[in-house]
Amino acid sequence: MISKNDNHKKAFIKNMDLLFIDLGSYLSIGPFYWMIIGSTHPSGEIFHLPPKLLPGGYLAKNFQSLRESLGIAKIFWNSIFIAIVYTLVSTFICAMAGYAFAKFRFKGRNFFFFIILFSLMIPLFELMVSFNWLNTYQAIILPSLASPFAIYLMRQNMQAVPDSIIEAFVHERYLTPFLTPFCF
């Protein structure tokens, strides 16, 4: 029989767990709150003691200054362009490579897969410097198009798909729409 003391102990432990979760949540949210509040104050007031924890009135001015000094529209466009191109092309290339390594039997398959995984150790920055590609789109996009880690993940995913299902979809000519969700 469970005594009242055991129930109180379990309730206390549960409450302590919730307390630690709450504290962890506040500590995690704190830097984001400080970043947002700091963006509403002049730069000279951010580090004053005691800190100002309520919003200030400089948000619009600070964003205008940011837009003018950094060219935020260009930065935003670069991010969108690189993300879209990288996602579409890399998913296509890595899915094809993963499928080939998972389903095709060819001489040297394991060796080539080992070489792909070994390429994770190549320092890409040094490679980009030798190609003279610093600060270019190709330096960001091209080295990761055939990401060894993504090829490994796609291969592992494709190995889980039974060959009989793939054969059925190949026969019906629906392989691409069928296998694409398995890539994610």
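Predicted model: local features only at pLDDT ≥ 70, side-chain atom pairs only at ≥ 80, totals over all residues.
Residues are numbered from 1 along each chain as its sequence is written, and side-chain values use heavy atoms, with hydrogens and water left out.

The term salt bridge here stands for a side-chain nitrogen of Lys or Arg within 4 Å of a carboxyl oxygen of Asp or Glu.

Both partners turn up again around a cavity. The structure holds one cavity of 30 Å³ or more, and the volume of the largest cavity is about 40 Å³. Its lining consists of Trp34, Ile37, Gly38, His41, Glu45, Ile46 and Lys52. By class, this lining has three nonpolar, two polar and two charged residues. For these classes, Ala, Val, Leu, Ile, Met, Phe, Trp, Tyr, Cys and Pro count as nonpolar, Asp, Glu, Lys and Arg as charged, and the others, Gly among them, as polar. On a 1 Å grid over the protein atoms alone, a cavity is a set of points where a 1.4 Å probe fits but cannot get out, whereas a pocket is an open set with protein on both sides within 12 Å along at least five of seven lines; lining residues have an atom within 4 Å of a point. Volumes are the space filled by probe spheres set on the points, which are joined across faces, edges and corners.

Tyrosine 58 belongs to the loop between α1 and α2 and is partly exposed, at 36% relative accessible area. Helices in this naming are DSSP runs of H or I with at least four residues, strands are runs of E with at least two, and both are numbered from the N terminus. Proline 50 is found in the loop between α1 (4–38) and α2 (59–70). A cis peptide bond, with omega of about -5°, joins leucine 49 to proline 50. Most peptide bonds are trans, and most residues other than glycine have a negative phi.

Two asparagines bring us to the loop between α5 and α6. Asparagine 132 is in this loop and has a positive phi of about 60° although it is not a glycine. Asparagine 135 is found in the loop between α5 and α6 too, with a positive phi near 60°. Asparagine 132 is exposed, at 67% relative accessible area, and asparagine 135 is exposed at 83%.

Two or more lining residues come from each of α5 (124–130) and α6 (137–145). The lining has seven nonpolar, three polar and no charged residues.

Leu120 also belongs to a nonpolar surface patch of about 1,200 Å², together with residues including Phe104, Phe118, Phe149 and Leu153. Patches take residues with over 30% relative accessible area and no salt bridge, joining like charges within 9 Å and nonpolar side chains (Val, Leu, Ile, Met, Phe, Trp, Tyr) within 5 Å. Accessible areas come from the Shrake-Rupley method with a 1.4 Å probe, and for residues only the protein chains shown count as cover. Helices α4 (109–118) and α7 (148–159) each supply at least two patch residues, and the largest share, five residues, comes from α4. Leucine 153 is partly exposed at 41%, and its C-alpha atom is 8.8 Å from that of cysteine 94, 59 residues away along the chain.

Finally, the whole structure has two salt bridges. One of them joins the side chains of aspartate 163 and lysine 103, at 2.9 Å from N to O. This pair links distant parts of the chain, 60 residues apart: aspartate 163 in helix α8 (residues 163–171) and lysine 103 in helix α3 (residues 72–103). Aspartate 163 is partly exposed at 42% relative accessibility, whereas lysine 103 is buried at 18%.

Key:
Buried < 20%, exposed > 50% of the residue type's maximum accessible area, 1.4 Å probe, protein only.
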